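Please look over the sequence and the 3D structure below before reading on.

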Amino acid sequence: MAKTADIIIVGAGVVGCSVAYHLARMGVKGILVLDRGQIGGEASTAAAGMLAPQCEAPGPGPFLDFCLAARRYYERLAPELKEIARTDIEYLDWGILHLLDEEGDEAAEGRYRWQRELGLTVERLTPEEVFKLEPGLTKEVGGALFFPDDHHVNNAELICALAQAARSHGVRIVEGCTVSGFIYDGDKVAGIRTPDEIFTAGYIVLCTGAWSWQLGVLLGRRIPVEPARGQILYAELPELPVRHPVWGKGGYVVPRLNGGLIVGSTVEYVGFDKSVTLDGIRRLSELTLALLPGLAEQPFTRAWAGLRPHAKDGLPLIGPLQGLDRLYIATGHFRNGILLGPLTGRLVAEMIVGEPVSFPLDAFSPGRFGL
Ligand SMILES: Cc1cc2nc3c(=O)[nH]c(=O)nc-3n(C[C@H](O)[C@H](O)[C@H](O)COP(=O)(O)OP(=O)(O)OC[C@H]3O[C@@H](n4cnc5c(N)ncnc54)[C@H](O)[C@@H]3O)c2cc1C
């Protein structure tokens, strides 16, 4: 016999956990989250945790606005999660450094200009100012842009906190449960199938990250999201060589409060292969030593890879699917899902309960792909 839930969320990454938490906080009951693996077991835990709209955005526009709103949202979310989930997500407002080439960096100069024109805070640092701020860095830099309002967070703790906060509001999260099909009532999607069970639901939200294409196939829809592998090298060090996340040529280093240093990351289109490769390790090692030559003799602790959900136009897809009453997707957050996931969850929850949506999502509508 079919089991029932009011709302089924497929995928317990940052997006799915955030949708669940925000719905529950708005008083919605009967929320069930299903994940074929573990809570946060894919891209959301693999990530580096930067909240970096200014350091990463290509230019002004709706995507930058969304990223800035998402960054602001953390100011409210971090203390809220501390109180509800008793978890410190290590939300650190230390800023992010972007190193400049010695021979000049036109892209960075352009970024500096348009951000100042928009009234965003960005500082240009001389090489001397960079060394003063981060004495462990290479001396071969032409200065840096400093983005004091870009932050970082411990993304593994963030996922635990969102899941814990959702559970404390009555959400049920089931791990090891693969959604393998949908059931219909006429034209309406009325529930989901797993290999063992059928669940009927009033609403279904797909938060399946890099696997969204596959769920789309089950629905007869082409959701244009593909996996983009990112490899990370991680070292636990007796002393952290940097205080800030630092972007250099081809990647970044991010310090963690526990003494860990994250070095990332590759962007590779190799399907669903999550291998850590020798070439990946080589590239990340070279990056580490280019930024932090003093680490040459340090052992690295481990390495991992995750699959970012990359939509065809690089932008998220958030909203209902046309013609499939009460079925929503929230995916395609690519390199910014830790930044955007919490606010995305709130906005999807607002759509479902029929509240005014507090940030315009037109640019991210699945409808732009005819979905
Ligand atoms: C190396 C790396 C570094 C990154 N660094 C940053 C960063 O610094 N800042 C930032 O903002 N973002 C970063 N990102 C991007 C960010 O991690 C992703 O955008 C984000 O985690 C996507 O979240 P999600 O919930 O959509 O996907 P996921 O976390 O991948 O979750 C999707 C979930 O769906 C489940 N699922 C899939 N199919 C099914 C099914 N059929 N049935 C049930 N469950 C299913 C999966 O098991 C998975 O748990 C990084 C990503 C990587 C890989």
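A residue is called buried when its relative accessible area is under 20%, exposed when that area is over 50%, and partly exposed in between, using a 1.4 Å probe and protein chains only. Arg 326 counts as partly exposed because its relative accessibility is 38%. Arg 326 is found in the loop between β17 (317–320) and β18. The helices (H or I, at least four residues) and strands (E, at least two) named here are DSSP runs, numbered from the N terminus. The phi angle of Arg 326 is near 70°, a positive value in a residue other than glycine.

A word on the source is needed. This is a predicted model, in which local features need pLDDT of at least 70 and side-chain atom pairs count only at pLDDT 80 or more, while totals for chains, interfaces and linings use all residues. Residues are numbered from 1 along each chain as its sequence is written, and side-chain values use heavy atoms, with hydrogens and water left out.

How is the protein divided into domains? The domain assignment gives domain 1 (3–84 + 155–224 + 312–369) and domain 2 (92–149 + 226–311). Such bounds come from an automatic or database domain assignment. The centres of the two domains, taken over C-alpha atoms, are separated by 28 Å. Where they meet, 34 residues of domain 1 are in contact with 33 residues of domain 2. Contact means heavy atoms within 4.5 Å.

The size of an interface is often given as the accessible area lost when the parts come together. Buried area here is the accessible area (1.4 Å probe) that two parts lose on being put together, summed over both. Domain 1 and domain 2 bury about 2,700 Å² between them, and 63% of this is on carbon and sulfur atoms. Of the area that domain 1 buries against domain 2, Gln 54, Cys 55 and Phe 334 supply 27%, more than any other three residues.

His 310 has Phe 334 among its contacts, together with Pro 224, Val 225, Glu 226, Ala 228 and Tyr 269, leaving aside neighbours within four places in sequence. His 310 lies in strand β16 (residues 302–311). Is His 310 buried or exposed? His 310 is buried, because its relative accessible area is 16%.

Arg 335 is found in the loop between β18 (327–331) and α10 (337–353). Arg 335 counts as partly exposed because its relative accessibility is 32%. With neighbours within four places in sequence left aside, Arg 335 is in contact with Glu 56, Trp 247, Tyr 252, Val 267 and Arg 308. The C-alpha atoms of Arg 335 and Met 50 are separated by 9.6 Å, although these residues are 285 residues apart along the chain. Another pair of this kind is Gly 61 and Ala 363, which are 302 residues apart in sequence and 9.6 Å apart in space, C-alpha to C-alpha. Gly 61 has its place in the loop between α3 (53–56) and α4 (62–85).

The peptide bond from Gly 264 to Ser 265 is cis, with omega near -15°.

Next comes a pocket. On a 1 Å grid over the protein atoms alone, a pocket is an open set of points where a 1.4 Å probe fits, with protein on both sides within 12 Å along at least five of seven lines, and lining residues have an atom within 4 Å of a point. The second largest pocket is lined by 20 residues, of which Leu 99, Leu 100, Asp 101, Gly 248 and Lys 249 lie nearest its centre. The elements β4 (96–99), α5 (106–117) and α9 (278–291) each give two or more residues to this lining.

Glu 102 lies in the loop between β4 and α5. Glu 102 counts as exposed because its relative accessibility is 54%. Leaving aside neighbours within four places in sequence, Glu 102 is in contact with Glu 140, Val 141 and Gly 142.
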